[in-house]
Amino acid sequence: NRLNEPTYDSVMAGHEFPLDQDLIERIEVIPGPGGAVYGQNALFGVINVVTRDGAGLNGTEVALGWQSPQGQRQVRLSHGRVLDNGVDLLLSGSALRARGEDRFYDYGAGGAGVAAGLDGERADQLFLRLARGPWSFDLAYGDRYKGDPTAAFLADPLVPGQHIRDSYLSTQLQYEDHFADQTQHLLARVFAGEYRYDSFATWGGEAYRGTAASASRGIELRWLNTAWAAHTFMLGLELQDNPRQDRVSILDDPADNRYRLARGWRAGLYAQDEWRLSDTLVATLGLRTDRNNVGGTRLSPRAALIWQASPASTAKLLFGRAHRTPNVYEQEWDQSGGQYPTPLPAIDDERIETTELVLDHRPAPDLALRASVYQWSLRDMVVWSSPDDRYVSGPPVRARGAEVSADRRWPSGVRLRASVSLQDAQMQGQRLVNSPQWLGKLHWAAPLPGGARIGLEWLAESRRDTVDGGHVAGHALTNLTLSSRRWLPGVRVSLGIYNLLDKRYRQPIGTDNWTTSLAQDGRSVRLKLEARF
């Protein structure tokens, strides 16, 4: 179920994500352009979040969490089981409250000071899943409020009450079944969602409220056929109507208010064939055509050639193209004043092409190695133009990179994972802003006496350039986690220490802010208790 909302075409990635992480069964990452199947916005990859079900929970769970120095408290109550009539039920509610930290901020020309009591956050989430046979229904709702101590977009610093708020509802009814001796597979679903955004800030003492309201509904049909020898063929149709894509700017003087009341739609038709050319060679060919009310018609091809060189070695050559249509905010935003819609020059779709070679080798059952090299080109990337005071299509961005990784497991339960990524991304001969040249990761986990487990991770990245021509230094973070189900009877206890060495570091941020980078959290401690009965 696609989670990109219709107004900003964004996906929720923090506490505004409408699903508690404890309800996630697994996360699947599909790298590379996914536009051939998933449509617009699948430029660099697709993240598939698979939820738990009632049978897997089989009871009631109560979870309590506390984190310092953020003063964060969390509570979750979940119940799941298979009812006597065969319905698989999962119902869960979660709440988060955080005081935040009182930090000193340098606002440049706006002054400096401690943002006391301005970093608070709260989030509430509700999830319902019902399934029986081929039918399933799920509903996810999230409501998140976040205070803004940074005075984003050059708002007045140190003013109480400045915030953003996101409310998101996503529902889906789905039918999925197999026919004809499992050779035919049909998926049909209807979906609907609503998104509400609200923000408050002041500029020069004048109050400003920005709101957005959107609604979406649609259907998808997908047919998968495995009856043809050496072929796995898929054909799909997706239609989505957005009856609301509204944006409103409300100021102290009603004469300065601006309104953008809009609607939109998108349609996609896609096909993909996995063709087994021989016992060791498989080709995948996919093509999707998308049309919407803004960007016209776009084609998204996808091709892959997979060679099973040996039982332990595989080589993949991948190619893909995807696109993203500028969202309502980018199409219509104009700071010159007046009522929406303000006539603005059209912005082209962003388009990406990616080629990648991947080598997988498993020299032993408990050791997996992977190496890949890739290049991608992004054209017409939507960027903010200060001279034009609006969004425009920018120059192309080109990147080349390589990744290597290893995953080793031992019979004792010890696991070690490591990876290194290198990338050179440039725009007009200059290194791309906020793009590290390398990333390194190391994860180690092992059992401890008494049924406990320890996990240690090390995350490192190189320096990043900032929008003012400067840079933030590279850094490395260390996180430690301890967990056990035996410390308390019937209770799982976990203790996490994040940024264990209390590393001070900063992350770049975008234009139109008082600073070009923000300090990140130092050491924090999180305790969590989870009881099941």
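Student: How many bridges join strand β13 to β15, and do the two run parallel or antiparallel?

Tutor: Two strands pair if DSSP finds at least two bridges between them. Strands (E, at least two residues) and helices (H or I, at least four) are DSSP runs, numbered from the N terminus. In this predicted model, local features need pLDDT of at least 70 and side-chain atom pairs count only at pLDDT 80 or more, while totals for chains, interfaces and linings use all residues. Residues are numbered from 1 along each chain as its sequence is written, and side-chain values use heavy atoms, with hydrogens and water left out. Here, β13 (residues 231-251) is joined to β15 by twelve bridges, and the two run antiparallel. N242, for instance, has G264 in β15 as its bridge partner.

Student: Over how many bridges does β15 pair with β16?

Tutor: Eleven bridges connect β15 and β16, again in the antiparallel sense. L269 has T289 of β16 as its bridge partner, and a hairpin of four residues leads from β15 to β16.

Student: How is empty space inside a protein found?

Tutor: Rolling a probe the size of a water molecule over the atoms shows where empty space is left. On a 1 Å grid over the protein atoms alone, a cavity is a set of points where a 1.4 Å probe fits but cannot get out; lining residues have an atom within 4 Å of a point. Grid points are joined across faces, edges and corners, and a volume is the space filled by probe spheres set on the points. By this rule, the model has two cavities of 30 Å³ or more.

Student: What is the volume of the largest cavity, and which residues are closest to its centre?

Tutor: Its volume is about 90 Å³. Of its 14 lining residues, R2, Y168, F191, G193 and S216 are the closest to the centre. β10 (163-179) and β11 (184-203) each supply at least two lining residues, and β10 gives the most, with four.

Student: Which residues line the second largest cavity?

Tutor: That cavity, of about 40 Å³, is lined by Q40, R266, A267, D290, R291, N292 and H323. The paired strands return here: β15 (264-276) and β16 (281-292) are the elements that give two or more residues to this lining, and β16 gives the most, with three.

Terms used: On a 1 Å grid over the protein atoms alone, a cavity is a set of points where a 1.4 Å probe fits but cannot get out, and a pocket is an open set with protein on both sides within 12 Å along at least five of seven lines; lining residues have an atom within 4 Å of a point.
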